[in-house]
Amino acid sequence: MIRLEQAELSLHTGKADERLCEVYGCMAGSPELPDCRNRLLHVLTGFRTQFGGVEEIELFSAPGRTELGGNHTDHQHGNVLAASVNLDIVACAAPNDSMIVRIQSEGYPLDEIDLTDLTPHPEETNKTAALIRGVAAAAHKLGHEIKGFDAYMTSNVLSGSGLSSSAAYETMIGVIINRFFCESKLTAVDIAKIGQYAENIYFGKPCGLMDQMASSVGGIVAIDFADQDEPSVRKIIYDLHASEHSLCIVDTGGDHAELTGDYAAIPREMSEVAAAFGKTVLREVDEAEFLKSIPSLRRQCGDRAVLRSMHFFAENRRAVAEKEALEKGNFEKFRQLVIASGRSSAMYLQNVYTGVNPEKQDMSVALALAESILDGRGAVRVHGGGFAGTIQAFVPNDMLSYFKTTMESVLGKDACHILTIRPAGGVVLLA
């Protein structure tokens, strides 16, 4: 723990800069540092205002994530390529010697969770309270005595952006609980699994594990989910700056509300195809047998399920190829694979717009506009779960300003976010 006044002094004087650069991947003297310091000072002030005279605190950070490859492959035990980004949740927290968790997320009502009851509460479905209770319950199941704490949080991870603000939130709760009550014994992979458990069982969203893994582990990570209990996680060392391209996430203005059914249909349909072979997930199905069985599968499972399965087999190979391209420093190969991934998601996975409201196609318009602007350069694809939200683009630096300005002239001011990949996942910032 660190005294609150000492934390403020470290930030004011720049003594914390080395740690901040280590986490966010910036250089000493970077223009990002003043904003980062001020944001953390703001959180310290918020904690003091909300919770009074607590003397010792710790500062935490949990990043959003971007999916670089492997669109909807994780829930079929496939391969993905993902990375943490420089947008994050930051929190000031301290144990409170009770069984009550109190979390003030800036701009939202205070959450108060009584940890004497760790069972799922139906009235908390789709609410942050469910994630808090679920993470605490999962850590408790691993044999740890979880108690109450107070936390003040603020986030610049765009909600509904495909950067997975929910996974960042779950990671944040996991990192705090791990630090205060688990003697830091939980690994980054453990924390990711706990987050997925909370989202699946308590929050009510049938997500895979990629989002939580990318946020918790950090950096660029290649993940093979063949063994769900012990997924293979490999850090990839690649400097995107060397490619002379920048990573952009573009908010298309689409609304994620009422899309849970669309998201859930993808793993359900893929699993129905797997079940036709007596398997649980497509990773267990032989692709050659699948291709031979397409006529009967169309009758049994429907054409969309077949197309989505075709996407899985190709996308699973692409995610591995993308990892290998980055490991070899071959950005051009990676770029071509990103383009192929985007086309497969649109044509076969069909997660660019919802069939419930087909006249509303924000993402399709944004993808078409981005392709037109790039004119054969860079790459663009659907980002994250799809159906609404954001697209991802790798934009040559010499046309970055033009790309951003033109996209925003159609989609609105601040729709295009230029991001960097940060090297650290969920961490204790100051302790």
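## Report on a predicted protein model

Cysteine 92 is buried, at a relative accessible area of 0%; here buried means under 20% relative accessible area, exposed over 50%, and partly exposed in between, with a 1.4 Å probe and protein chains only.

The model is predicted: local features need pLDDT of at least 70, side-chain atom pairs count only at pLDDT 80 or more, and totals for chains, interfaces and linings use all residues. Residues are numbered from 1 along each chain as its sequence is written, and side-chain values use heavy atoms, with hydrogens and water left out.

**Confidence**

pLDDT is the predictor's confidence in each residue, from 0 to 100. The protein chain has an average pLDDT of 91, and 98% of the residues score at least 70. Elements are DSSP runs numbered from the N terminus, namely helices (H or I, at least four residues) and strands (E, at least two). Among the elements of the protein chain, the lowest mean pLDDT, 87, belongs to helix H7 (residues 210-217), and the highest, 98, to helix H9 (residues 287-292).

**Cysteines**

A disulfide is a pair of cysteine sulfur atoms within 2.5 Å. The structure holds zero disulfides. Cysteine 92 is in no disulfide, and its nearest cysteine sulfur, that of cysteine 36, is 14 Å away.

**Aromatic pairs**

Rings of Phe, Tyr and Trp (its six-membered ring) pair if their centres lie within 6.5 Å; planes under 30 degrees apart count as stacked, over 60 as edge-to-face and the rest as tilted. By this rule the structure has twelve aromatic pairs. Two of them involve phenylalanine 394.

| Pair | Centre to centre | Angle between planes | Class |
|---|---|---|---|
| Phenylalanine 331 and phenylalanine 394 | 6.3 Å | 70° | edge-to-face |
| Phenylalanine 334 and phenylalanine 394 | 5.4 Å | 85° | edge-to-face |

Phenylalanine 331 lies in helix H12 (residues 331-349) and phenylalanine 394 in strand E11 (residues 390-396), so this pair ties together parts that are 63 residues apart in sequence. Phenylalanine 334 also lies in helix H12, and its pair with phenylalanine 394 in strand E11 ties together parts that are 60 residues apart in sequence. Phenylalanine 331 and phenylalanine 394 are both buried, and phenylalanine 334 is buried too. Elsewhere, ring pairs link Phe60, Phe149, Phe180 and Phe181 into a cluster.

**Cavity and pocket**

On a 1 Å grid over the protein atoms alone, a cavity is a set of points where a 1.4 Å probe fits but cannot get out, and a pocket is an open set with protein on both sides within 12 Å along at least five of seven lines; lining residues have an atom within 4 Å of a point. Grid points are joined across faces, edges and corners, and a volume is the space filled by probe spheres set on the points.

The structure holds one cavity of 30 Å³ or more.

The largest share, three residues, comes from E9. By type, the lining of the second largest pocket divides into 13 nonpolar, eight polar and four charged residues.

**Loop residues**

Aspartate 97 has a positive phi of about 55° although it is not a glycine. Aspartate 97 sits in the loop between strand E3 (79-95) and strand E4 (100-105), and at 80% relative accessibility it counts as exposed. Aspartate 414, likewise not a glycine, has a positive phi of about 65°. Aspartate 414 is in the loop between helix H14 (400-411) and E12, and is partly exposed, with a relative accessible area of 44%.

Is glycine 78 buried or exposed? Glycine 78 is buried, with a relative accessible area of 0%, and is found in the loop between strand E2 (56-69) and E3.

Conventions
Nonpolar A, V, L, I, M, F, W, Y, C, P; charged D, E, K, R; others polar.
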